[in-house]
Amino acid sequence: MKKSILLMACMILFGFQAQSQNLSQVLRGTVIDQESQMPLPGANVVILGTDPILGTSTDFDGKFKFEAVPLGRLQIEVSFIGYQSRVLNNIEVNSAREMVLKIELQESLSTLEEVTVKAKIKSGRAQNDMIQVSGRSISMEELNRFTASFNDPALVTANYAGVSNSGSGGNEIIIRGNAPKYMQWKLDGLPISNPNHFADQGAVGGSTSALNSNLLATSDFSTGAFAPEYGNALSGVYDLQIREGNNEKLEAIFGIGLIGTDLTLEGPLAKGYDGSFLVNYRYSTATLLNDLGAIDVNGDMFFQDAAFKVVLPTKKAGRFSIFGLGGYSGFALKNATPADWETPGDDVMSGNVYEDYDKQSFLFNSGINHSIKIDDKSFLKSSIGFSLDGLEDDIWQKADSNGVGIPSFDSDMQNRTYTAATSYQRKHNNRLSYRIGSRYTLFDLDYQQAMMMPGDSSLQNTIGIQEQVGALRNYLSMKYRLSDEISLVAGLHHHHILYNNKYSVEPRFSASYQHHPKGTLRFGYGMHSSMERLNHYFAKVKQADGSYAQSNTDLDLLKAHHFVLGYDWAFSSNLKLSTEVYYQHLYQLPVANDANSYYSTINEDFNIQYVDLVNKGTGRNYGLEMTLQRFLANNYYFLINASVFDSKYTTLDGRERNTRFNGNYIVNFLAGKEWTGLGSKNNQTLGINFKAFIGGGKKVIPLLRDENGNLAVNPAQGQYWDYDKAYETDLEDIYTLTISASYKWQLKRTSHELFLNLENLSNNKGKLSEYYDANQAGKVGYTTQFGLLPNLMYRIYF
């Protein structure tokens, strides 16, 4: 630890001693048509607020370039005859890295004499023009600025209305009361496995993402009524994009800190060739945090990951890009109790039982994308992808921390996924554009799992499969613009599980109406479906005679109708109020084939129960979300949002219960300010960011108690839980306070940044769930929120 801190201090001192003069940077990019993706030659690009005004025009390929622009945050206006002008705010330019932009313009429906620029706020709007409701873009500049994200694209989503995580230190994405497992991850257009380290057996959780902000471009995040091209998701879609490397100049980022060390390299593949590469490697260990007392884990934790993207344009054969993302993580915990870690297969959840837990998880996602121009209004895109994710969990239970454990859980799971996709996109005219596509996915499963079941004294094989499951998805999406103010999107999505011939045909529709220069009304409807975890299809379920059999191979798709109504009002070019109300009707939910059971798969997180399932459950989610956002301007910003919602489900017993993830309300307040022009050379910037969060906790299954509230568990018979009161209430609300500070200084060829983030500053440890512990007062123990977690990091850009 001392060596790492000394190295960081030396690098900081070296940075301060360097010289600074004539600070400027290259700013370049491409201007294209939003629907056809074709370049727009002759577009005007102006950097506002410069003296004299800096301006240029795009060349035949739609490219523009400024050789020397001032550092700091710039405002750029782009205009083209017959198109709606666009203003880009807060383009941050630093001395070490060229700024490369891709700017999309939308063709106007008005005649040339009638073209006007209306006061629209485009910041935060989804990049995909087929997304009109419940969607937004997340820029990497925003990700770095917001607190409570650690540059993690999963954690940053919890800053937005209707989204939360468990509070236990993981980065599950819980959207509108839906289970995290029903969200789809995409990377460069291809579905990928859960990109998180320390993933669980359901591949939904994890403690940190294998992706970081050094790699990503602006990406889209949808929370309901998805565009027609998205499928196999009920709660949300995170459509991540890896940015392209600089194709003219070699650049690098090196970072070292308490969480880990990483290096990013990018540059051209050859002189005079537009191709580029981008590669990143990161290694982390919790040893430093353990030594500082920031975390209290009785064991070693580590992770490492790497990612790359190579872009290969050709003159006649189109444009190729190849990407990859891999990660490996693990830990070895000794004498863990539920207060330390919730382990899979832990049906006892007793503080009197100690567990040794060895875990390893890995992931790999890769793909090749190819796009080729058909004519001036259309192009074809084709992709092939491969992903692999897996884990090994070994758990030993023991009654004495010094004793020898007996095996209680053993899991070795690997899932290989092969994907082939193609899509055709055409801009028919300035009103109509459409996309049509097809995607085939083959899941290749190798699952081996055994656990100690209630009433058993040894491990029982619950899964032992080597199976392949094919799925086909097709879609048609059309956008029609009645006027510059009214846009309609309609389409169909087809989802077919080839293994058991279950399918769904899903209509989608959305509309956007800007009835006033400052006001926009939005509506969306969509039918959506999702496969259940493949574990359930092939799980061995215990029968009445004590034998085990696969009884769920005929499971159908889960389905939902989404309705969303939204309204945006722009008070100014930087301040916007957004409101959405939504209703989701869920049906064909897998529930226990038992008229007396509370159980449904929609309440699962990392722990899976294997029971006989039928698609006869229903559910409903509804709520109201409001967001007031001031985008960064004049060196400060704020974001305030509040969500009130209800999430219910019904099983065969006819009772409507809360879902496990029904927190009922979420409130976020974020604010930040920058002080620029500091230092004797006016080349330094200080930034302070703050976040406050409060929300309802997840609902729990309580311990057995009598009518007077006294504990009534029976450990000898293995009776701990009051299933009749499943998910009636949570234990308490949870809250966190987080503050971060960054200090940047620009030198002639390098930029430096020192970053400090204090997560859960108050060290609040709200109660998340309870368990039996004879050693505690009242014999009740609690799992709690993760405590104060600091992150100190130094980065150099060169």
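This is a predicted model: local features need pLDDT of at least 70, side-chain atom pairs count only at pLDDT 80 or more; totals for chains, interfaces and linings use all residues.
## Patches, cores and loops

Mentor: Residues are numbered from 1 along each chain as its sequence is written, and side-chain values use heavy atoms, with hydrogens and water left out.

Trainee: Which element gives the largest share of the nonpolar patch?

Mentor: Strands are DSSP runs (E, at least two residues), numbered from the N terminus. β28 (502–516), β29 (519–530), β32 (558–570), β33 (575–592) and β34 (613–633) each give two or more residues to the patch. The largest share, three residues, comes from β34.

Trainee: Is valine 581 buried, partly exposed or exposed?

Mentor: Valine 581 has its place in strand β33. Buried means under 20% relative accessible area, exposed over 50%, and partly exposed in between. Its relative accessibility is 36%, so valine 581 counts as partly exposed.

Trainee: How many residues does the largest nonpolar core have?

Mentor: A nonpolar core is a set of buried Ala, Val, Leu, Ile, Met, Phe, Trp, Tyr and Cys residues joined through side-chain atoms within 4.5 Å. In the largest one, Ile173, Trp185, Leu187, Phe221 and Tyr238 have the most contacts inside the core. Its total is 32 residues.

Trainee: With which side chain does the side chain of threonine 264 make a polar contact?

Mentor: Threonine 264 lies in strand β18 (residues 261–268), and it counts as buried because its relative accessibility is 1%. A polar contact is a pair of N or O atoms within 3.5 Å; within protein, one must be able to donate a hydrogen and the other to accept it, and residues adjacent in sequence count only if both atoms are side-chain atoms. At 2.7 Å, the partner is asparagine 280.

Trainee: Is tyrosine 727 buried or exposed?

Mentor: Tyrosine 727 lies in the loop between β38 (684–695) and β39 (734–746). Although not a glycine, tyrosine 727 has a positive phi of about 65°. With a relative accessible area of 7%, tyrosine 727 is buried.

How values were computed
Buried means under 20% relative accessible area, exposed over 50%, partly exposed in between (1.4 Å probe, protein chains only). Helices (H or I, at least four residues) and strands (E, at least two) are DSSP runs, numbered from the N terminus.
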